[in-house]
Amino acid sequence: MVNNLKTYAVLTLVVIGLVFLGIGCTGNENSEGSSPVQETSSEGTSAAEAPAAEAQSIFLKGSDTVLPLAQAEAEEFMIEYPEKSVTVTGGGSGVGIAALIDGEVDIATASREMKAEEIEAAEANGITPVETTIAYDGITVIVNPENPVTELTFDQLRGIYNGSISNWKYVGGEDQDIVVLSRDSSSGTYEYFKEEVLLEDEYRPDALTQPATGGIVSEVSQNANAIGYIGVAYLDDSVKALSLDAGNGFEAPSSENILSGAYPLARALYFYTDGEPSGLTKEFVDFVLSETGQNLVTEVGYFPVNQ
């Protein structure tokens, strides 16, 4: 009996020792290697995790003109900083600006300035839009390479797009109906072209709208009677760029003419943020404006802000 009691006593001490050992190990793990998820802020959100998550990923949305540039910048940025993520989508300047107004994106990309009513809507939602110019662009009017027309005055271009000119023979081309292509109304390029060329005339009702710039290039390259307008970075050998005259003589959409202002359809490209950029958003904006980022502007086919 005495031996049995001794055995039980020893076993009890062993169990108690193991319990305290387990508690000690658990305490050491929490104090030395705790997960950030377990550390919450006063608002009930993980104090370490939430800022880390925000700092590691940003979302850009908007202009299809800016899209190839933003994608190139994001790819290079993530090569240099592989632990960080930059997601870029298009849809048009209006789409990106609407997303900024609704607080859905970190950066809205735009090929036009925000309208007064858009700024008012943003401010009503507690958003303070801040504009950053990231590059310059020239809107290029394109036709099929088989089209003999090489230049148009603004009056002729306005006539083609408002519907008062419907045949190529009236502007030096063949006796063929003009097939007019346009971006859709969510596009900043659509808005800019309407203001600068149409002078607020309405687009002709039979104009074929395209949701993306690539669609215009593709259609013009396949249709000898088509005409469209695109950001200069989308220009390739499948289409032909026209020289334009806004009243001071014909100018081609060359880099020299766009940067000097001689080409009449030159414009700025923008990032819009809620307030001054901060955190990863600021890091990315600073990267785009850096020497590396501005070299990418040139490689993509646009023009750097610092010449």
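The protein chain comprises 11 helices and 11 strands, where helices (H or I, at least four residues) and strands (E, at least two) are DSSP runs numbered from the N terminus. The model is predicted, so local features need pLDDT of at least 70 and side-chain atom pairs count only at pLDDT 80 or more, while totals for chains, interfaces and linings use all residues. Residues are numbered from 1 along each chain as its sequence is written, and side-chain values use heavy atoms, with hydrogens and water left out.

Of the 307 residues in the protein chain, 43% count as buried (under 20% relative accessible area, 1.4 Å probe, protein chains only). Among contacts (heavy atoms within 4.5 Å) with a separation of 6 or more, 73% come from residues 24 or more positions apart.

Strand 1 runs parallel to strand 2 (residues 85-89), with 5 bridges joining them (pairing requires at least two DSSP bridges). I58 has V86 as its bridge partner in strand 2.

Turning to the helices, the axes (lines fitted to C-alpha atoms over the stretch in contact, with angles from 0 to 180 degrees between N-to-C directions) of helix 3 (residues 67-80) and helix 10 (residues 279-289) come within 10 Å and cross at roughly 110°. The two helices are therefore roughly perpendicular (65 to 115 degrees). On the helix 3 side, A70, E73, A74, E76, F77 and E80 meet L280, E283, F284, F287 and V288 of helix 10.

How values were computed
Angles under 35 degrees count as roughly parallel, over 145 as roughly antiparallel, 65 to 115 as roughly perpendicular and the rest as oblique. Buried means under 20% relative accessible area, exposed over 50%, partly exposed in between (1.4 Å probe, protein chains only).
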